[in-house]
Amino acid sequence: MKRFLKLYLIEQKLALRPGDMLLFGVAMPVGVMILINMIAGQKQAGEGFTYLESSFASLIAVGICAAAFMGLPLTIADYRDKKILKHFFTTPCSPLWILGSDMLCAGVTALLSAISVALVSVVFLGYEMQGNVLAFIGSWLLTLVSMFSIGLLMASLCRTIKSVNAVTSLVYFPMLFLSGATIPYELFPSGLQKVAGVLPMTQGIKLMKAVSMGVELEGVWKIVVLLLGITLICTAISVKTFRWE
């Protein structure tokens, strides 16, 4: 446990040094939240809720999206490309240690993003969650681990930095723009909603949004089972297919 903690602390310092994740995962959703409030924060986005209330859970998901589909895969692929993982192979360090420490680092980024959005919304914008706070935290954690498992799968299957760059772009941008994280899902045409509904991030945001606004969500247990299934399957495949070089 001490060795894993030491590895995590080193990885955390390295993860925060470039500042990319803090910019796109923390600063961007906070900035969008402020912009939405300035334009139409208290206007009615639907029956019984405002644009601010509607966008709260969605923008918290932006931090998850950035950490899961950009941070995790690119970090591990970069280590593999620079032969850092090859050096780890000669040590007692296991794939679980590497994947676990980097997943924890990404989780810290997503947590910082969620806390920042929540603080700005509650303290400065007057946001009040209509649903249960503990239930929302549970839905956030479920969405977090399921998206991170997809990121780990990408990192394990992509062997080169070029391939992981291509895959992360193909996954990250649809998840960011079509899931409802930045553009409200309700504004999409019905045909595009059907396409976006296939994305697992869309289901996670639907769950978090329903819980935050205290409304009933049809098929909620199907979404929970889906996200749990994604987590178990992707994590198992990631550990099985992980390669040092």
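Me: Which residues does Leu-72 touch, not counting residues up to four places away in sequence?
Reply: In this predicted model, Leu-72 sits in helix α3, which covers residues 51-81. The residue is buried, at a relative accessible area of 1%. Beyond four places in sequence, the residues touched by Leu-72 are Ala-67, Asp-102, Met-103, Ala-106, Phe-148, Leu-152 and Ala-155.

Me: How many Å separate the C-alpha atoms of Leu-72 and Ser-149?
Reply: Along the chain, Leu-72 and Ser-149 are 77 residues apart. Phe-148 and Leu-152 are among the residues that Leu-72 touches. From C-alpha to C-alpha, the separation of Leu-72 and Ser-149 is 9.7 Å.

Me: Is Gln-12 buried or exposed?
Reply: Gln-12 belongs to helix α1, residues 2-16. Buried means a relative accessible area under 20%. Gln-12 has 9%, so the residue is buried.

Me: Which residues does Gln-12 touch, leaving out those up to four places away in sequence?
Reply: Gln-12 lies 97 residues from Thr-109 in sequence, while their C-alpha atoms are 9.6 Å apart in space. With residues up to four places away left out, Gln-12 touches Leu-104, Cys-105 and Val-108.

Me: What is the phi of Lys-83?
Reply: Lys-83 is partly exposed, its relative accessible area being 42%. Although Lys-83 is not a glycine, its phi is positive, at about 70 degrees.

Me: How far from the sulfur of Cys-158 is the nearest cysteine sulfur?
Reply: Cys-158 is in no disulfide. The residue is buried, with a relative accessible area of 8%. The nearest cysteine sulfur belongs to Cys-234, at a distance of 13 Å.

Me: In what order do the elements of the chain run from the N terminus?
Reply: The chain has ten helices and two strands. From the N terminus on, the order is α-α-β-β-α-α-α-α-α-α-α-α.

Me: What radius of gyration does the chain have?
Reply: The C-alpha trace spans about 60 × 35 × 30 Å along its principal axes. For 245 residues, a compact globule would have a radius of gyration near 18 Å. The chain agrees with this, at 18 Å.

Me: What percentage of the contacts with a separation of 6 or more comes from residues 24 or more positions apart?
Reply: Of the 245 residues of the chain, 47% count as buried. Among contacts with a separation of 6 or more, the share from residues 24 or more positions apart is 78%.

Me: How far apart are the mean positions of the positive and negative charges?
Reply: The chain exposes about 12,500 Å², with 71% of that area supplied by carbon and sulfur atoms. There are 18 positive and 12 negative charges in the chain. The distance between their mean positions is 14 Å.

Key
Residues are numbered from 1 along each chain as its sequence is written. This is a predicted model: local features need pLDDT of at least 70, side-chain atom pairs count only at pLDDT 80 or more; totals for chains, interfaces and linings use all residues. Side-chain values use heavy atoms; hydrogens and water are left out. Helices (H or I, at least four residues) and strands (E, at least two) are DSSP runs, numbered from the N terminus. The radius of gyration is taken over C-alpha atoms; the globule rule is 2.2 Å times the number of residues to the power 0.38. Buried means under 20% relative accessible area, exposed over 50%, partly exposed in between (1.4 Å probe, protein chains only). Contact means heavy atoms within 4.5 Å. Accessible areas come from the Shrake-Rupley method with a 1.4 Å probe; for residues, only the protein chains shown count as cover. Lys and Arg count as positive and Asp and Glu as negative; His and the chain ends are not counted. The place of a charge is taken as NZ of Lys, CZ of Arg, CG of Asp or CD of Glu. A disulfide is a pair of cysteine sulfur atoms within 2.5 Å.
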